[in-house]
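Let's walk through this structure together, one piece at a time. Keep the viewer open and turn the model as you read.

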Amino acid sequence: MATEPAQPTPAEPTPARAAGDSPVPPARAETAPLEKKDTGAAELIRFDKVVKRFGDNTVLDHLDFSVRKGEHVTLIGPSGSGKTTILRLLMTLEQVSEGVVWVDGEPLSHERRPDGSLKPASEKYQRQSRKKIGMVFQQFNLFPNMNVLRNITEAPVSALGVPKPEAEARARELLDLVGLGDKADAHPTQLSGGQQQRVAIARALAMKPDILLLDEVTSALDPELVAGVLDVLRDIARTTDITLLCVTHEMSFARDISDRVLMFDAGRIVESGPPSQIFGEPREERTREFLRAVL
Ligand SMILES: Nc1ncnc2c1ncn2[C@@H]1O[C@H](COP(=O)(O)OP(=O)(O)OP(=O)(O)O)[C@@H](O)[C@H]1O
Ligand SMILES: [Mg+2]
């Protein structure tokens, strides 16, 4: 994991700040108009001129985008375009090089000083902030030494202080939701890849996140197991009000669940729009070329 320090954001000067302090970015309440105007839902995620470098490699280049509460946004684009990096910044597994990531009106990449200016967030602050966010990875990473139930209850009990009986009851509900009500006592090695991934989805939901990040969650699965996992996710998208930010190569799934698709290339958004436009009438040649290659 990269450990480069987050840099303060260059922005308009503010009075009474010490040399080296980062200025205060504009209040989030009055951010620029959002792309989707019909729902009236509030903004939940905002990337504000986010730059991410690994050494000399600029992976995200002054990236601006936002996601509304309850919106389902899919990121598509070629390998290396920065999609996973965006999700890892939201999980605070990586730190921004420049710019600020905001979640629910609060800075995630930074924390406020008493005078209101921002400084790179401490590990403790980030641990607190990322409780709102759950992530499911390509590799399911279940705890191999714990049964399915314990895999799901571990974090709510230890990180959120949920009483064990309550966490177990909720875990059983979630196992029913992902179609694994009979697997609570199984160990991960006794499950298929698709079943393990459904446990990983239940585990992420057990933290009651406002935001669920999905990073190519079916790409490590045998083809015949993909549909079951996508069905579970379609169900979650349809029946919950969770905000979804999803990286996928499953274009028909993206078309089904997305309110908006963002097409990435080289750390920039090439094009964004509803799935009907991106998949049906893409405006940019880069998008057409990418879709020709993957469809
Ligand atoms: N920890 C790291 N150290 C150095 N470079 C990294 C690191 N993580 C990612 N990169 C680089 O950042 C760029 C973007 O990577 P990222 O994983 O975000 O791409 P992606 O769009 O998710 O690609 P894929 O579709 O293959 O998963 C790549 O050039 C990658 O090599
Ligand atoms: Mg990736």
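Just after α5, K208 takes up a positive phi of about 50°. Helices here are DSSP runs of H or I with at least four residues, strands are runs of E with at least two, and both are numbered from the N terminus. This is a predicted model, in which local features need pLDDT of at least 70 and side-chain atom pairs count only at pLDDT 80 or more, while totals for chains, interfaces and linings use all residues. Residues are numbered from 1 along each chain as its sequence is written, chains are lettered from A and ligands numbered from 1 in the order in which they are written, and side-chain values use heavy atoms, with hydrogens and water left out.

Now look at α5 itself. Its 14 residues reach 20 Å from the first C-alpha to the last, close to the 20 Å expected at 1.5 Å a residue; the expected span is 1.5 Å times one less than the number of residues. This helix is mostly covered, with 13 of its 14 residues buried. Buried means under 20% relative accessible area, exposed means over 50%, and partly exposed is in between, using a 1.4 Å probe and protein chains only.

From there, move to α4, which also has 14 residues and reaches 20 Å between its first and last C-alpha atoms, close to the 20 Å expected. A167, A171, L174 and L175 are buried in α4. Viewed down the helix axis, these buried residues fall within an arc of 100°, so they line one face of α4; the arc is that of the directions from the helix axis to the C-beta atoms. The face turned away from that buried side carries the exposed residues P165, E173 and D176. Among the elements covering the buried residues of α4 are α3 (148–160) and α5. Just after α4, G179 has a positive phi of about 75°.

Which residues of α6 are buried? They are V226, V229, L230, V232, L233, I236 and A237. They cover an arc of only 155° around the axis, which puts them on the same side of α6. On the other side of this helix, E224, R238 and T239 are exposed. The 17 residues of α6 (residues 223–239) should span 24 Å at 1.5 Å a residue, and the end C-alpha atoms are 25 Å apart, which agrees. The buried residues of α6 pack against β3 (72–76), α4 (164–177), α5 (193–206), β9 (211–215), β10 (243–247) and α7 (251–257); contact here means heavy atoms within 4.5 Å.

T248 lies in the loop between β10 and α7, and it is buried, with a relative accessible area of 6%. Its side chain reaches the backbone nitrogen of E250 at 2.9 Å. Such a polar contact is a pair of N or O atoms within 3.5 Å; within protein, one must be able to donate a hydrogen and the other to accept it, and residues adjacent in sequence count only if both atoms are side-chain atoms. Leaving aside neighbours within four places in sequence, T248 is in contact with T74, L75, I76, F253 and A254.

The other residue, I257, is found in helix α7 and counts as buried at 8% relative accessibility. The C-alpha atoms of I257 and V73 are separated by 8.4 Å, although these residues are 184 apart along the chain. Beyond its neighbours within four places in sequence, I257 is in contact with H72, T74, R234, A237, L244 and C246.

Next, turn to ligand 1. Of the 13 residues around ligand 1, S79, G80, K83, T84 and T85 come nearest, where being near means having a heavy atom within 4 Å. A backbone N or O atom of G82 lies 3.0 Å from an oxygen atom of ligand 1. In the side chain of K83, an N or O atom is 2.8 Å from a ligand oxygen, and for the side chain of T85 the corresponding distance is 2.5 Å. Taken alone, ligand 1 exposes 630 Å², and the protein buries 61% of that. Accessible areas come from the Shrake-Rupley method with a 1.4 Å probe; for residues, only the protein chains shown count as cover. The elements giving two or more residues to the shell around ligand 1 are β2 (57–68) and α1 (83–90), and α1 gives the most, with three residues.

Finally, step back to the whole protein, which has nine helices and twelve strands. Buried residues make up 49% of its 295 residues.
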